Amino acid sequence: MPIDAAKALAAEPRSAEIAWDHKDVQLYHLGLGAGSPATDPAELRYTLESRLHVLPSFATVAGAGMGVVGGLSAPGIDIDLAAVLHGGQSVTLHRPLPTGGRAVSTSRVVAVYDKGKAAILVLRSEAADDEGPLWTSDAQIFVRGEGGWGGDRGPSERLELPDREPDKTVERPIREEQALLYRLSGDWNPLHADPEFAALAGFDRPILHGLCSYGMTLKAVVDTVLGGDVTRVRAYRTRFAGIVFPGETLRIRMWAGDGRVQVAVTAVERDDAPVLADTVVEHS
């Protein structure tokens with residue numbers, strides 16, 4: 001079996017030093033569509049180094065996302081990357097992220113679930129600097145054709161949307177070149193840039209990175225519900241429910257509650273096809 005669950009779970013964590021500076025943060029924000037209008041004070045918080053705040057989802061690309069890459073090469077895992085899909089993502093913040101720094105990122109496989117015709121790997125990345133923990137990030141990786149060994153099926157909870165109108169709804173356009181810009185933050189998968197590769201994967205054109213829509217959604221919540229204060233975000237999780245293409249528009253619906261915002265994200269031009277589901281931002 002290409003996935004040896006016991007071996008993967010028993011493997012020693014892998015550690016690497018990562019570093020970033022304000023240019024990495026600014027590039028990431030621009031890849032999410034920040035900076036329009038360019039002179040808007042609310043956007044300058046994401047684009048101007050003298051006013052820079054770090055959106056917490058930056059943790060998914062800091063150091064070029066070492067957690068996922070390291071996890072997929074862990075002992076006990078020998079899989080075809082063409083069978084891999086990013087199923088879900090969560091980030092827990094231990095304190096606000098600095099605009100630049102160095103940290104040690106440690107990654108390991110913390111769960112392997114048997115879904116019958118597929119497996120799910122949960123890859124955890126924990127980052128800490130000299131002052132202590134910075135973030136914990138979990139990526140759920142769906143591997144087609146690798147289940148069926150009789151293992152734990154894992155959780156299958158779905159989060160019901162509130163039975164009322166959203167408190168806020170915003171639309172965020174995805175620029176035609178946005179995937180090309182976002183991939184400069186470290187995800188070089190040609191699925192997001194090369195039409196021929198996208199066709200081999202079954203798409204008529206390149207698709208946007210799931211983690212780009214993930215970041216765009218958090219920015220919309222911060223700007224719309226949290227008064228633009230990135231330091232209020234405590235944790236953020238989602239399930240990738242569908243694709244979205246550059247040139248389309250995200251419709252982001254938000255329901256605010258006690259210390260959390262529940263979110264649903266759809267693609268406007270395709271009859272509100274689901275993009276992100278089971279999405280929650282926890283905040284102070």
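What percentage of the 284 residues of the protein chain count as buried? The share is 45%, where buried means under 20% relative accessible area, exposed over 50%, and partly exposed in between (1.4 Å probe, protein chains only). The model is predicted: local features need pLDDT of at least 70, side-chain atom pairs count only at pLDDT 80 or more, and totals for chains, interfaces and linings use all residues. Residues are numbered from 1 along each chain as its sequence is written, and side-chain values use heavy atoms, with hydrogens and water left out.

The protein chain has seven helices and ten strands. These are DSSP runs, numbered from the N terminus (helices: H or I, at least four residues; strands: E, at least two). The C-alpha atoms fill a box of roughly 55 × 50 × 40 Å along the principal axes. A compact globule with 284 residues would have a radius of gyration near 19 Å, and the 18 Å of the protein chain agrees. This radius is taken over C-alpha atoms, and the globule rule is 2.2 Å times the number of residues to the power 0.38.

Two strands pair if DSSP finds at least two bridges between them. Strand E4 (residues 118–129) pairs with strand E5 (residues 132–144) over twelve bridges, in the antiparallel sense. Aspartate 129 stands opposite glycine 132 in E5.

In helix H2 (residues 22–31), the buried residues are Val25, Gln26, Tyr28, His29 and Gly31. They pack against strand E1 (14–20) and helices H3 (41–47), H5 (178–182) and H7 (210–224). Contact here means heavy atoms within 4.5 Å. An α-helix has 3.6 residues a turn, so residues three or four places apart point the same way. Just after H2, glycine 33 takes a positive phi of about 100°.

The structure holds 18 salt bridges. In each, a side-chain nitrogen of Lys or Arg lies within 4 Å of a carboxyl oxygen of Asp or Glu. Arginine 102 and glutamate 17 form one, with the closest N and O atoms 2.5 Å apart. This pair links distant parts of the chain: arginine 102 is in strand E3 and glutamate 17 in strand E1, 85 residues apart. Both residues are exposed. Arginine 175 meets glutamate 177 in a salt bridge of 2.7 Å, N to O. Arginine 175 is partly exposed at 29% relative accessible area, and glutamate 177 is partly exposed at 39%.

Which loops hold glutamate 248 and arginine 205? Glutamate 248 is in the loop between E7 and E8, and arginine 205 in the loop between helix H6 (195–200) and H7, 43 residues apart. Their side chains meet in a salt bridge (3.9 Å, N to O). Glutamate 248 is buried, with a relative accessible area of 6%, while arginine 205 is partly exposed at 33%. Salt bridges that share partners also join Glu43, Arg45, Lys219 and Asp223 into one network.
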